[in-house]
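The sequence and structure come next, and my entries follow.

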Amino acid sequence: MHSPVPRPPSFLPSAVPRAELTPYLTPSLAAAVSGARRRALRDGDRQIDTAHLLHSLVESDPEAAAAFEDRDRLARVLGYLVQRSIGYGLRWQRSVEDSTARRLLPATRGTDLRNARTPGWSPAATAALEGALRRAAGRGEPQARGVDLLAAVAADPESRAVEVLRRAGVDPAALAARADLAAAPCEALDRAGDPARHEGPSQQV
């Protein structure tokens, strides 16, 4: 019988994801989040957004990168991400990344996100990290993994990460489903038909 999973501190629109969240992240995910923060600072961006998170995940978390399956499309995703300072990425510097997903989270219902600002993090990035924590808690696990964050990022149709995925020819919904499957316990994978345990061709993006 599983012991109760401690609940991470709730995110509020005016609060930055804080250091006390580290115990609720696997070392790999904590490293990816730190990498996204450094990338935003280095690029001179006002906030960490979902594209920063996606970039850091696919570069530093092998499990998250493996969810893409198609290496050519993964390479195209990285190609778009490294060019965020030109072209389509220029307009991101002049706007705040909002989120459809954040409006649906219990901690933020009733909040007017047009007037809410999370210093250091975009509303969409904050929503994605909270979504990752909720996914892990739903499985009864004390720490969120990189695939949890990848699934949450890909599930927000208005996120900058999803814009990059679509430009690179990746289906965000299919990617989110594969990331969720990768995070599932072994018994759930058996019920779903884990391709690693059963013969047959794997499905590509």
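Does Glu 69 count as buried, partly exposed or exposed, and at what relative accessibility? I looked it up: Glu 69 counts as partly exposed, because its relative accessibility is 28%. Buried means under 20% relative accessible area, exposed means over 50%, and partly exposed lies in between (1.4 Å probe, protein chains only).

**Entry 1: ground rules.** I am working with a predicted model, in which local features need pLDDT of at least 70, side-chain atom pairs count only at pLDDT 80 or more, and totals for chains, interfaces and linings use all residues. Residues are numbered from 1 along each chain as its sequence is written, and side-chain values use heavy atoms, with hydrogens and water left out.

**Entry 2: overall.** I found 10 helices and zero strands in the protein. Helices (H or I, at least four residues) and strands (E, at least two) are DSSP runs, numbered from the N terminus. Buried residues make up 46% of the 205 residues. I also checked contacts, meaning heavy atoms within 4.5 Å. Of the contacts with a separation of 6 or more, 68% are between residues 24 or more positions apart.

**Entry 3: back to Glu 69.** I placed Glu 69 in the loop between H3 and H4. Phi of Glu 69 is near 65°, a positive value in a residue other than glycine. Most residues other than glycine have a negative phi.

**Entry 4: helix H7.** How many of the nine residues of H7 are buried? Nine of the nine are, so H7 is largely enclosed by the rest of the structure. The cover over the buried residues of H7 includes H1, H2, H3, H6, H8 and H9. I then picked out Asp 148, which is found in H7. Asp 148 counts as buried because its relative accessibility is 0%. Apart from neighbours within four places in sequence, Asp 148 is in contact with Ala 132, Arg 135, Ala 136, Arg 139 and Ala 183.

**Entry 5: H2 against H7.** I looked up the axes of H2 (residues 50–60) and H7 (residues 146–154): they come within 10 Å and cross at roughly 140°. Axes are lines fitted to C-alpha atoms, for helices over the stretch in contact, and angles run from 0 to 180 degrees between N-to-C directions. Thr 50, Leu 53, Leu 54 and Leu 57 in H2 meet Gly 146, Leu 149, Leu 150 and Val 153 in H7. I sorted the residues of this contact into six nonpolar, two polar and no charged. Here Ala, Val, Leu, Ile, Met, Phe, Trp, Tyr, Cys and Pro count as nonpolar, Asp, Glu, Lys and Arg as charged, and the others, Gly among them, as polar.

**Entry 6: H2 against H4.** The axes of H2 and H4 come within 10 Å and cross at roughly 135°. That makes H2 oblique to H4, since angles under 35 degrees count as roughly parallel, over 145 as roughly antiparallel, 65 to 115 as roughly perpendicular and the rest as oblique. Ala 51, Leu 54, His 55, Val 58 and Glu 59 in H2 meet Leu 74, Val 77, Leu 78 and Leu 81 in H4. The residues of this contact divide into seven nonpolar, one polar and one charged.

**Entry 7: the core.** I noted 47 residues in the largest nonpolar core, where Leu 54, Phe 68, Val 77, Leu 149 and Leu 150 have the most contacts. Such a core is a set of buried Ala, Val, Leu, Ile, Met, Phe, Trp, Tyr and Cys residues joined through side-chain atoms within 4.5 Å. H7 gives the most to this core, with seven residues.
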